[in-house]
Amino acid sequence: MSAIAISDSQAAARGRWAVAAMFLVNGFIIGSWAPQIPLMLPRHSITEFTLGLLILAFGLGAVTAMVWTGRLINHYGSRTVTCTFAIIASFGLAAIVLSPSIALAAIALFFTGACGGSMDVAMNANAVEVERRLDKAIMSASHGFWSLGGFIGGGIGGPVIQRLGAEGHALFASAASLLIVLIAMQYLISEPVHHEDSGPKPKYEWPKAPIVYILGLMALFCMVPEGAVLDWAALYLSKELGSSLSVSGLAFAFFAGTMAIMRFAGDGVRNRFGAVATMRWSAFIAAAGILAGGLAPTDWFAIAAFAVAGLGIANTVPIAFSAAGNLAGFSAGAAISVVTMMGYSGILIAPSAIGFVAEHIGFRITYVVLAGALVAVGLAASQVASADRAKSDSAA
């Protein structure tokens with residue numbers, strides 16, 4: 001019995017790093033795509049408007065796939081679904097860059113987004129299972145590896161493109177992603193999958209309980225401000241605070257940096273203070289940072305404020321995902337599928353919706369309103385209590 005327990009513990013420990021590698025690859029693919037975006041304009045002789053539609057196709061593919069990934073996880077398990085879509089997604093960047101026409105590039109973007117979105121849901125479900133096995137939180141650190149992967153992909157993308165060209169970079173990124181996936185997939189853990197031996201299989205349905213959608217709204221209210229900083233902070237600093245081009249880009253850089261650091265520290269904070277308290281204070285800190293950024297008198301004040309916001313926002317979404325995966329009476333795959341889809345809709349909607357609103361009322365008021373959304377998340381923090389259920393179940 002002891003040997004079996006030790007073996008299970010070791011498997012869970014290896015599974016933790018294996019799922020972290022999957023998060024890293026997912027972020028690396030997104031980060032590697034970023035420096036390729038401007039090159040799409042001359043390659044296909046398209047305008048910025050058309051490029052925007054292509055980027056939208058990527059997001060639509062991701063959100064569309066998230067709708068039905070829960071069903072696949074219920075039937076095949078998070079390990080199988082993660083591995084399958086991780087392998088396919090590894091070829092995504094090469095397919096996009098090597099597409100000979102704009103139509104094929106659009107198709108490649110949609111399906112790459114779909115594979116990445118399905119992989120995202122499945123690897124979050126797998127991380128929830130690891131938390132149960134290890135009896136401690138690992139979700140925030142997993143998302144930290146996603147941020148690290150995005151940083152690596154975006155950071156080395158430019159130099160690699162200069163040395164190998166766009167096509168060489170795409171092939172390099174795809175090969176590196178595939179190699180990591182093939183190594184990590186051997187150590188991912190599997191959760192029990194229930195198959196019906198006889199009779200008709202029940203029709204798959206989304207969870208009907210309001211708590212699932214409340215968690216989805218909380219994820220949405222956290223990811224819209226994240227998208228607002230990602231897509232519009234630089235323009236806000238340059239347009240309304242008179243910042244130079246070199247300084248305005250630091251807003252998101254500092255935001256992303258503090259967010260990555262806090263995600264690696266977040267599990268320790270959550271293990272010590274609990275999911276509810278961590279969510280509440282994280283949301284309030286994020287709200288204070290976004291509010292200060294919107295009211296900032298100078299560009300450097302805004303940069304510092306957005307860095308504080310990154311500290312707060314870092315762990316809100318991982319906790320929401322963990323809470324969804326540990327809801328009693330629900331399949332982890334189904335609940336996480338809903339919450340992930342609703343949350344990532346914020347990233348999809350934010351670029352266009354926030355730009356339209358800011359054009360009419362300005363970025364300052366927009367950020368103030370978004371701070372209010374984060375306050376609402378803090379007030380609703382008790383809804384994530386299920387994130388600690390795995391630990392209480394293990395103790396019982």
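**Nonpolar patch and aromatic pairs**

α3 (48–76) and α6 (102–134) each supply at least two residues of a nonpolar patch. Helices are DSSP runs of H or I, at least four residues, numbered from the N terminus. This is a predicted model: local features need pLDDT of at least 70, side-chain atom pairs count only at pLDDT 80 or more, and totals for chains, interfaces and linings use all residues. Residues are numbered from 1 along each chain as its sequence is written, and side-chain values use heavy atoms, with hydrogens and water left out.

**Surface patch**
- Phe49, Leu53, Leu56, Leu60, Leu104, Ile107, Phe110 and Phe111 form the patch, with about 760 Å² of accessible area together.
- Nonpolar side chains (Val, Leu, Ile, Met, Phe, Trp, Tyr) are joined within 5 Å.
- Areas come from the Shrake-Rupley method with a 1.4 Å probe; for residues, only the protein chains shown count as cover.

**Aromatic contacts**
- Rings of Phe, Tyr and Trp (its six-membered ring) pair if their centres lie within 6.5 Å; planes under 30 degrees apart count as stacked, over 60 as edge-to-face and the rest as tilted.
- By this rule there are nine aromatic pairs.
- Phe145 and Phe264 pair edge-to-face, with centres 5.2 Å apart and planes at 85 degrees.
- Phe145 lies in α7 (residues 139–184) and Phe264 in α10 (residues 250–273), so the pair ties together parts 119 residues apart in sequence.
- Tyr236 and Phe306 are also edge-to-face, at 6.4 Å centre to centre and 75 degrees between the planes.
- Tyr236, Phe306, Phe363 and Tyr367 form one aromatic cluster.

Key:
Patch = residues over 30% accessible without salt bridge, like charges linked within 9 Å, V, L, I, M, F, W, Y side chains within 5 Å. Salt bridge = Lys/Arg side-chain N within 4 Å of Asp/Glu carboxyl O.
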